[in-house]
Each structure stands twice: as C-alpha cells, then as structure tokens.
Amino acid sequence: MTTYLGACHCGSVKFSINSMITELTTCDCTLCQMRNAVMARVPEQSLKVIEGEKFLTLYQWNTFRAKHYFCSQCGIYVFHRKRAMPDHFGINVFCLKGFDMTSVVVRATDGANMTLVNS
C-alpha cells in the first residue's frame, strides 16, 4: 500500500489515502464534465480526513446515492462516495501531493447513461 496526502486548494481540507492506485477514471455525466476531475477509486477504509471535516460541503443530485464533497472555503471537489460502489470513494487526483498521473492508465466511464430520476 502507498499513502498519499491530499488537500483542497486553500488547505482547509486535508486528507490521506492508503491505497494502491492502479487506474484512474473520467466520467461523462453532467457533474463530472463540468468539474473536469480525474478520479482514483479507493476503498472506504482507505480515506482519512486529517483536518477540516467541518469545511466539507455535501452536494447530491439525481438518485442522491453518490455524495460529492467540496471545500466550502475554496470550492474544490476533493472526493465523492461512489454511486455504483457506495463502499468506495472517488478521489480527485489533482488534490494528491506528488501523485504522477502519467504512470497510471486512465479509463473513461459512462456516467451520462446511468439511470436518471425524473422530477
């Protein structure tokens, strides 16, 4: 296992993950397209919020299964509890210190065609 430290832009939210990152994903749902994040999937127990949990803002939409967390101070998306795998988090790899994205395969996921709830 490898431990990575991460933080939002302003440093109010600091976290660590203890996990091997073997694949990154992009998603084409409307939210992921707009935030343009590249994510690493890690098991729930691998993510630890070190500092600033009180600054995390939750955003949910559609089925309300996924839980997207942003820093309330700087607005940066840091991670989300996955809709399709609720025992895993998607981590914004741009928030990880010293992580080399070029060393890992990036796979596109089809979020645009996931079931939408009609309101």
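Guide: Happy to! Let's begin with a term: a contact means heavy atoms within 4.5 Å. With that in hand, residues 24 or more positions apart account for 56% of the contacts in the chain that have a separation of 6 or more. Please keep in mind that this is a predicted model, where local features need pLDDT of at least 70 and side-chain atom pairs count only at pLDDT 80 or more, while totals for chains, interfaces and linings use all residues. Residues are numbered from 1 along each chain as its sequence is written, and side-chain values use heavy atoms, leaving out hydrogens and water.

Now to your sheet. Helices (H or I, at least four residues) and strands (E, at least two) are DSSP runs numbered from the N terminus, and two strands pair if DSSP finds at least two bridges between them. The open sheet has three strands in the order S1-S2-S5, paired antiparallel. At its edges lie strand S1 (3–7) and strand S5 (47–51), each pairing on one side only. From one strand to the next, the twist averages 25°, an angle between N-to-C directions of axes fitted to C-alpha atoms, on a scale from 0 to 180 degrees.

Look next at S1 and strand S2 (residues 14–18): they run antiparallel and are joined by five bridges. Gly 6, for instance, has Phe 15 in S2 as its bridge partner. In general, strands of a sheet pair through backbone hydrogen bonds.

Stepping back, the chain holds one helix and 10 strands, and along the sequence they follow the pattern β-β-β-α-β-β-β-β-β-β-β.
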